[in-house]
Amino acid sequence: MRAYTFGIYPRPLRLIAATRRDPEGARELARRESIRILALQDRVGLPLLSDPLLEWDDMLRWFAAEWEGMEVNGIIRYFEHNAFYRVPVVKDKIRSSGDVLRNHLVIQERGRSIVEVPEPVTFALMSKDLHYGSIEPLALDIARALNDEICPLENELAPALIAVKGPALVHGNGSKLAEVVAKAAEELLKSCRAPGILHLYFKSPIEAYRAIKGIRSAYSGVGLDVTWDPIERLSEELKGYRMERLSLGLVNSQNTKVEGIGEVVSSAEILGKAAGKPEVLVTVSSDLEFIPYSFAVKKLRILGRVAGGA
Amino acid sequence: MPEKKLLPTKEIGSLRKPSWLLETLRSRKATREEKDLARDEAALVNIKLLEGVGLDYVYDGEARRIEMYEYPVRYIDGFKFAGLVRSFDNRYYKKARVVGPVRLRENYHLDEFRFVMRWAAKTPKIPVTGPYTIADWSYNEYYRDKEELAVELARNVIRPLLKELVEAGAHVIQVDEPAATTHPDEVPMFVEAFNESVYGVDADIHVHICYSGDNYRSLYPHVLNLRASHYALEFANRDTWELGVDDSHRVGYDFLRLMREYGDPRTLGLGVVDVHTDSMEPPELVRDRILYAAKLLGDPWKLMVNPDCGLRTRSRRVALQKLETMMRGVELARAALRATNPKADA
């Protein structure tokens, strides 16, 4: 079973301290720590490697800070967490130079890497729009800008997967905006060879999944945070699953309690069977940054063992 | 208790610790007595600073507390610290796991409260972190679910702590529940845990909530059952900086409409200065926020005035300026209310 993590990792203590002293000076340490975590992912047996995003203060930050037409503003609650992000303010038409991911990702392993980006509608909903006037044109321009970011990496990295992070879709927006999500996916994944997985997390993904599964889109699979619903209920929902891949967020990255391997594997098997014949991948429920670093490492080891590692 | 007064004023909780206090606390040479003395002095300075500004309700700026989660958790059995978790940017807080039954080991506010009682000339209002927030900010590895954890915290930790504070002379207690609207579906759980924590506590109970993701809308109708007499909420953070007392200039005050719509009899502490920016609100902006709120509620006597939240995020100088500008705005608002409404003349 292929397994991977996605999202931001917690910063190791020395990186927190170094960033506190000198944010710019700590960037080199962030890169070294990122390389260390990538090596750990490899060592525990993860077949797919994901950048721990240690340089990212939140999932939108570097895009908001470096794209034309956007700027970073005050803090706003990050969904239903005791955590906050800086809201991107859209002041003009959005344009990307295509350098943000290249400059702020450390990952380099050709063929095994995951590239991750925010889902465009999620990005739009998390922003304050002073220019476009409605979600759809904003989300589509964000999708185009993200596509400009992904395309250079397609050639350089040949990523194994593109993880598209859509937490806003499970907060009552998925069903309302499913068609815009599908249109944005077309723009986002245009000319991409790597399959795109749409990750739905932070709350029960069922409602958003129901809305999205009925619409043809460029995604090759969905990633479901399965920590919110009973397995029986999810099994029912997954009957008739038509996509090529199904990613299951079975390792809870919001709680320190460490899962048993047997329980993760058996849940993956039950859900995979209910879905029919997609390729089943196992992952974390969301970013690991919601637990301290030492616990994130424990979760990583669980995932490695699920993937057949030592 | 202060006499009935139009627009009474208060702070919400924390002030940044003075540099000399931090130096003493970090010093390896300082003895325990020297550290205790430094804490006493900082508390005293804060009490007199808040009284000097003219606030009607004061405390000690939480001079002895590390922060609102880690400090109580240190004194509660059943918790084990797990490590640091990000709040935003590179700001982190220590988060704990619940690994056993929760019990109050030691009343962590009693000594500080007695000190405030001894030195405060104004009415002390003691802030206490509430059970739902402690539950929401912890990793629950022991209880069946968050609700069970929150209720156990209310019964076994917060309630006994509050009762001892009342026995020691506390009349006004502010239960801080910043997490109350973090998960809108869990507002009934917050209310249940809150009510358990204040059950049988003979005091004037305030609740402080801030940085709601939904403009506090999810609180209604559930808060109608809340055993609290007063809401102290953050509003300035979500408002514009334009002057004016109409809907086009004032943003984010839906809660006041709901208060009126539901006939909620409680009073409201209006957050009039933003604690996350050094930019200084002009007193006229504070005035307009108050006048707008009074208009929405239909009764200025239901209003108290406070900053959005604790001022520890600002330097002490900026915090003081924020409180002073708040007081000037309050004076302007009182004058305007008296001019337009003779009943507002106490």
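Before reading any partners off the strands, I note that two strands count as paired if DSSP finds at least two bridges between them. I also keep in mind that this is a predicted model.

Entry one, the hairpin. I looked up strand β2 (residues 76-88) of chain B and found that it pairs with strand β3 (residues 91-104) of chain B in the antiparallel sense, over 10 bridges. Within this pairing I find Lys80(B) opposite Arg97(B), a residue of β3(B). The hairpin leaves 2 residues between the strands, and there I noted that Asp89(B) takes a positive phi near 45°.

I went to Ala39(A), which lies in helix α2 (residues 27-44) of chain A. Is Ala39(A) buried or exposed? I count it as exposed, because Ala39(A) has 11 C-beta neighbours inside 10 Å and the cut-off for exposed is 12 or fewer. I also checked Leu49(A), which is 10 residues from Ala39(A) in sequence and 9.0 Å from it in space, C-alpha to C-alpha.

I find 25 residues of chain A and 22 residues of chain B taking part. On the side of chain B that touches chain A, β2 and β3 of chain B each supply at least two residues, and the largest share, 7 residues, comes from β2(B). Sorted by class, that side of chain B holds 9 nonpolar, 7 polar and 6 charged residues.

Definitions and conventions
Residues are numbered from 1 along each chain as its sequence is written. Chains are lettered from A and ligands numbered from 1 in the order in which they are written. This is a predicted model: local features need pLDDT of at least 70, side-chain atom pairs count only at pLDDT 80 or more; totals for chains, interfaces and linings use all residues. Helices (H or I, at least four residues) and strands (E, at least two) are DSSP runs, numbered from the N terminus. A residue is buried if 20 or more other C-beta atoms lie within 10 Å of its own, exposed if 12 or fewer, and partly exposed in between; C-beta atoms are placed from the backbone. Two residues are in contact if their C-beta atoms, placed from the backbone, lie within 7 Å. Ala, Val, Leu, Ile, Met, Phe, Trp, Tyr, Cys and Pro count as nonpolar, Asp, Glu, Lys and Arg as charged, and the others, Gly among them, as polar.
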